[in-house]
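Visitor: I have not seen this structure before. Please show it to me, and then I will ask about its parts.

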Amino acid sequence: MPEGDTVWQAARRLHEALAGKALTRSDFRVPKYATVDLTGRGVLNTIPRGKHILTRFEGGLTLHTHLRMEGAWKVYGTGERWRGGPAYQIRAILGTADRTAVGYRLQVLELLRTTEEERVVGHLGPDLLGPDWDPERALANVLSDPARELGEALLDQRNLAGIGNVYKSELCFLLGVTPWLPAGALPADRARQLPALAKRLLETNRDRPVRQTTGLHRYDLFVYGRAPRPCLRCHTPVRVADQGDGSEERPTYWCPTCQTGPAPAPGTPQRWRDKYPRRTR
């Protein structure tokens, strides 16, 4: 599931493969850009911004992509077989003399003037892995609506950019509160810990192939993907339920013993067996 660390890794791969080189192949497989050809343009850089990726080209153009739930950028060498999925899932191909970047299942793909980048990322809050990180502003944003559920506030990219369902669940576990706790009810000492803890989780994992939040050899995550297995601390079965208005699947995991605060509202879909299995070594 692409979150800030995954997007950071994807942007780094694209930058290392393409930056400073001229495109020898350009293929956009979406109707709006089907006739656009960037062949011959130099690639300046690729940067992440929260969960967004910006690839800049000579001539003042930027390719804006967002991976959403299932998107991915894969980089291949000359003659290497592409393994990111069937051909019909390819949305973009950017090739140089020795590398080819292939975008699979990209839910957002648009070309814009580089001077207009703020139109697509200007709404984002401080980026946990970016040069604009501001912990005080991020915390103020999260607490700006005291009645809002903490999990929802953490997912709102306007508050701070980079957290998804995995880090929402893990961060709430480490803070010892449920994701349904009103943000304004978060104890002051834990609120002070929140920005630094969130940043440490993403920074620690941006160079890892598998996310690790526990520090334990056998287990990668404390609660995400573990329902109904026992909590690693107290052995109570981990639970999973959806959070939000139902417009998106937002599986949320918590330990009802280790985490204090409200449980999901009555009528919220809950599952004793995990619908979203994840690797938890």
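Visitor: Which residues of helix 1 are buried?

Guide: This is a predicted model, in which local features need pLDDT of at least 70 and side-chain atom pairs count only at pLDDT 80 or more, while totals for chains, interfaces and linings use all residues. Residues are numbered from 1 along each chain as its sequence is written, and side-chain values use heavy atoms, with hydrogens and water left out. Helices (H or I, at least four residues) and strands (E, at least two) are DSSP runs numbered from the N terminus, and buried means under 20% relative accessible area, exposed over 50%, partly exposed in between (1.4 Å probe, protein chains only). By that rule, the buried residues of helix 1 are Gly 4, Asp 5, Val 7, Trp 8, Gln 9, Ala 10, Ala 11, Leu 14, Ala 17 and Leu 18.

Visitor: Which residues have the most contacts inside the largest nonpolar core?

Guide: A nonpolar core is a set of buried Ala, Val, Leu, Ile, Met, Phe, Trp, Tyr and Cys residues joined through side-chain atoms within 4.5 Å. The largest one has 27 residues, and those with the most contacts inside it are Leu 150, Leu 154, Leu 160, Ile 163 and Leu 171.

Visitor: Which helix gives the most to this core?

Guide: Two or more residues come from each of helix 3 (135-142), helix 4 (150-155), helix 5 (165-175) and helix 6 (188-205). The most, six residues, come from helix 6.

Visitor: Where on helix 3 do the buried residues fall?

Guide: The buried residues of helix 3 are Ala 138, Leu 139, Asn 141 and Val 142. Seen down the helix axis, they fall within an arc of 160° (taken from the directions from the axis to the C-beta atoms), so they line one face of the helix.

Visitor: Which residue caps the N-terminal end of helix 3?

Guide: The cap can be followed through a side-chain oxygen that lies 3.2 Å from the backbone nitrogen of Glu 136. That oxygen belongs to Asp 134.

Visitor: Is Glu 117 buried or exposed?

Guide: Glu 117 is found in the loop between strand 8 (108-113) and helix 2 (118-121). Its relative accessibility is 9%, so Glu 117 counts as buried.

Visitor: With which side chain does the side chain of Glu 117 make a polar contact?

Guide: A polar contact is a pair of N or O atoms within 3.5 Å; within protein, one must be able to donate a hydrogen and the other to accept it, and residues adjacent in sequence count only if both atoms are side-chain atoms. For Glu 117 the distance is 2.8 Å, and the partner is the side chain of Thr 62.

Visitor: What side chain is joined to that of Thr 65 by a polar contact?

Guide: Thr 65 lies in strand 4 (residues 61-66). Thr 65 is buried, with a relative accessible area of 1%. A contact of 3.2 Å joins its side chain to that of Trp 73.

Visitor: How many disulfides are there?

Guide: A disulfide is a pair of cysteine sulfur atoms within 2.5 Å. The sulfur of Cys 172 is 13 Å from the closest cysteine sulfur, in Cys 255, too far for a bond. Cys 231 is in no disulfide, as the nearest cysteine sulfur, that of Cys 258, is 3.7 Å away. By this rule the count is zero.
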